[in-house]
Amino acid sequence: MSTITHWMNNAPFTGTGTGTAPVTNPATGQVTGEVALAGVEDARAVIDAAAAAFPAWRDTSLAKRTAILFNFRELLNARKGELARIITAEHGKVVSDALGEVSRGQEVVEFACGIPHLLKGGFTENASTKVDVYSVRQPLGVVGVISPFNFPAMVPMWFFPIAIATGNTVVLKPSEKDPSAALWIAALWAEAGLPDGVFNVLQGDKTAVDELLTNPKVKSVSFVGSTPIAQYVYSTGTAAGKRVQALGGAKNHAVILPDADLDLAADAMVNAGFGSAGERCMAISACVAVGPIADDLVAKIAERTTPLKIGDGTGDSDMGPLVTKAHRDKVASYIDAGEADGAKIVVDGRSVEADGGEQGFWLGPTLIDHVTPEMSVYTDEIFGPVLSVVRVETYDEALDLINTNPYGNGTAIFTNDGGAARRFQNEVQVGMVGINVPIPVPMAYYSFGGWKASLFGDSHAHGMDGVQFFTRQKAITSRWLDPSHGGIELGFPQNQ
Ligand code: NAD
């Protein structure tokens, strides 16, 4: 059984805290490791190490910083298979999907390699007579990143490449459910030549999070997780004077218009509903069938769902287990509730035959039809392989469902009508929209983030939002000595 420690100054750090949590392989149900849970002293030690590393890293040239980023990118690209297997062993998703998440994270590293260009400021010559004005962006200091279980590599990579590239030092607090990916990444940074203390990992739970939220040496917090914790992180962190971006939960709808290509839409519903066992913040969990197509669409989704192979993610399965037994049982209880509320279970994942351990946390893909908006299977974020079909008569009803939903992370529309698609992208109150694309996760040079209860704060992740979040702007007004501009003048500076 492995012991999963913190990481500080480019080396594992055991800390003095005595708390631990078990880490399981969801495909076998076996405990495979024990992760350290930081006490306050451990958290402070890691934050202090990051704070000590900041002055030198801030002053490291962009040329040197980017050289290290390029090294990291090359190492990651060459060895991402190792990371994917670590993710599968603790999260459960199939290896190909784990590789996909690493590749999407790698795109942010590649974006951050262009940081010299992204950090260029403005310069105005002769704003006033012989006075120049210019702006620079400077790093914040120690930045905290707190990540969820479902993307143990990609979500941290939404933030830390840009944070490091812009000259900050990082403390990453991964989920205690799958903490090993962060350590592997930390060791890769060391191999890439990142100086001691620039990238650190703090393992733990609420104690570690609370220290990151209140310690004055931490200047910003980037959080991704469920909405109640995102709200808590945002209010606590901002009350402590920090810059906070807190991405929360989701309930993503796909609207299928009557003119859509139903085969394309059905493929998309299966991929977006059941990929990664539905444990994606951009998973589609509500399929809104508009008009007379519902019976055909449900049949097409069902015929694609039934043959899916469920099993250990290291094999040739399409879908792995859920992350923990408790989560598996909770998701199954929503299927029970939907059935009790009168919805029709078209494909039932509760009794699945899985190619994996007997004690694995298995739940097959589940398709539920005739779901109505007051059922808990619709109202709650389930975060499992459960796709609900809601039948409506019109586009307006579909739009209204989405716009009155408290969440606003992702959505998609399936249609062959460009005008309808354009109207949808204009009217829908959601942060990320797909048109005949079911999981519209933006590229690294755009920014990722939802609206409403899916994001608290003003900044989305990566892209230019990321560069701005991890830097502060300074405007400088400069005049080099010129005798004609001397003398005393008590009035407010005016341009001449
Ligand atoms: P979670 O909220 O339980 O945990 C997220 C992080 O917060 C973890 O690091 C955890 O240790 C910490 N945490 C948990 N309870 C805490 C508490 N009481 N106080 C302080 N910190 C606490 O989320 P999860 O179950 O790990 O991840 C799934 C959730 O994340 C889903 O709701 C999903 O939609 C969301 N998510 C959102 C996005 C997005 O981009 N909006 C992306 C991925 C996941």
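1. How far apart do the end C-alpha atoms of residues 19-476 lie, and what percentage of the span is helix and what percentage strand? In this predicted model, the distance between those two end atoms is 49 Å. The limits of the span come from UniProt, where an unreviewed entry lists residues 19-476 as "domain: Aldehyde dehydrogenase".

2. The ligand is surrounded by 27 residues. The closest of them are Lys173, Glu176, Ser226, Gly248 and Glu381. By residue class, the shell around the ligand consists of 14 nonpolar, nine polar and four charged residues.

3. Lys173 places a polar side-chain atom 2.7 Å from an oxygen atom of the ligand. A polar backbone atom of Phe149 is 3.0 Å from an oxygen atom of the ligand. For Gly248, a polar backbone atom lies 2.7 Å from a nitrogen atom of the ligand.

4. The space that the ligand takes is the largest pocket.

5. Which elements give two or more residues to the shell around the ligand? They are the helix α7, residues 206-214, and the strand β11, residues 218-224.

How values were computed: Residues are numbered from 1 along each chain as its sequence is written. This is a predicted model: local features need pLDDT of at least 70, side-chain atom pairs count only at pLDDT 80 or more; totals for chains, interfaces and linings use all residues. Side-chain values use heavy atoms; hydrogens and water are left out. A residue is near a molecule or strand if one of its heavy atoms lies within 4 Å of it. A polar contact is a pair of N or O atoms within 3.5 Å; within protein, one must be able to donate a hydrogen and the other to accept it, and residues adjacent in sequence count only if both atoms are side-chain atoms. On a 1 Å grid over the protein atoms alone, a cavity is a set of points where a 1.4 Å probe fits but cannot get out, and a pocket is an open set with protein on both sides within 12 Å along at least five of seven lines; lining residues have an atom within 4 Å of a point. A molecule sits in a cavity or pocket if more than half of its atoms lie within 2 Å of its grid points. Helices (H or I, at least four residues) and strands (E, at least two) are DSSP runs, numbered from the N terminus. Ala, Val, Leu, Ile, Met, Phe, Trp, Tyr, Cys and Pro count as nonpolar, Asp, Glu, Lys and Arg as charged, and the others, Gly among them, as polar. UniProt positions are given in the numbering used here, feature names are shortened, and annotations may be inferred rather than shown by experiment.
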